[in-house]
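Subject: Structure handover

Hi,

Here is the structure I said I would pass on.

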Amino acid sequence: MKMYLISDNVDTLTGMRLAGVEGIVVHGARETKDAVEKALEDKTLGILLITEKLCDEIPQLLDDIKQNRKKPLLVEIPDRHGSGRKPDFITNYINEAIGIQL
């Protein structure tokens, strides 16, 4: 199985290519949706990496992939500018999931 990256900037793609991961740079919701749909056609794809910024462009499609497909594993990654999440996002996620304050 292979990995594929859908990124919104060239630097992230270049870094992943150095690690042997192929990918594409896209901008906007339409290009992102088209790239994801094309990637899903590859039956040898095991992991689909997508930058967090692009995940915000097409949340419904990505939720559908996560809920209704066994493959590929969808992994949201930060880009070269870092994560757009708050520093305590994991604690908040756990608090919401179990319903108590840690």
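Below is what turned up, going from the overall picture to single residues.

First, the ground rules. This is a predicted model, so local features need pLDDT of at least 70 and side-chain atom pairs count only at pLDDT 80 or more, while totals for chains, interfaces and linings use all residues. Residues are numbered from 1 along each chain as its sequence is written, and side-chain values use heavy atoms, with hydrogens and water left out.

On confidence: pLDDT is the predictor's confidence in each residue, from 0 to 100. The protein averages 86, and 84% of the residues score at least 70. Among the elements, strand 2 (residues 22–25) has the highest mean pLDDT, 96, and helix 5 (residues 89–98) has the lowest, 68.

**Overall layout**

There are five helices and four strands, taken as DSSP runs numbered from the N terminus (helices are H or I with at least four residues, strands are E with at least two). Reading from the N terminus, the order is β-α-β-α-β-α-α-β-α. Of the 102 residues, 32% count as buried; here buried means under 20% relative accessible area, exposed over 50%, and partly exposed in between (1.4 Å probe, protein chains only). The accessible surface comes to about 6900 Å², with 54% of that belonging to carbon and sulfur atoms. Those areas come from the Shrake-Rupley method with a 1.4 Å probe, and for residues only the protein chains shown count as cover. As for contacts (heavy atoms within 4.5 Å), if you take those between residues at least 6 apart in sequence, 62% join residues at least 24 apart.

**Strand pairing**

Strand 1 (residues 2–7) pairs with two other strands, where pairing needs at least two DSSP bridges. With strand 2 the sense is parallel, over four bridges. Leu-5 has Gly-23 as its bridge partner there, and Ser-7 stands opposite Val-25. With strand 3 (residues 45–51) the pairing is again parallel, over five bridges, and Met-3 stands opposite Ile-47.

Strand 1, helix 1 (residues 10–18) and strand 2 also make a right-handed β-α-β unit. Right-handed here means that, with the strands pointing away from the viewer, the path from the first strand over the helix to the second runs clockwise.

**Salt bridges**

How many salt bridges does a search of the whole structure find? Six, counting a side-chain nitrogen of Lys or Arg within 4 Å of a carboxyl oxygen of Asp or Glu. Three of them are worth a click, I think:

- Lys-53 and Asp-8 meet at 4.0 Å, N to O. Lys-53 lies in helix 3 (residues 52–55) and Asp-8 in the loop between strand 1 and helix 1, so the pair ties together parts that are 45 residues apart in sequence. Lys-53 is exposed at 53% relative accessibility, whereas Asp-8 is buried at 10%.
- Glu-22 and Arg-17 have their closest N and O atoms 3.8 Å apart. Glu-22 is partly exposed at 47%, and Arg-17 is partly exposed at 44%.
- Arg-30 and Asp-34 meet at 3.3 Å, N to O. Both lie in helix 2 (residues 28–40), four residues apart, about one turn of the helix. Arg-30 is exposed at 53% and Asp-34 is partly exposed at 35%.

**Two other spots**

Is Cys-55 buried or exposed? Cys-55, which lies in helix 3, is buried, with 7% relative accessibility. Leaving aside neighbours within four places in sequence, Cys-55 is in contact with Ile-50, Leu-62 and Glu-76.

Last one, for anyone checking backbone geometry. Most peptide bonds are trans. The bond joining Lys-71 and Pro-72, though, is cis, with omega about -5 degrees. Pro-72 lies in the loop between helix 4 (59–68) and strand 4 (73–77).

Cheers
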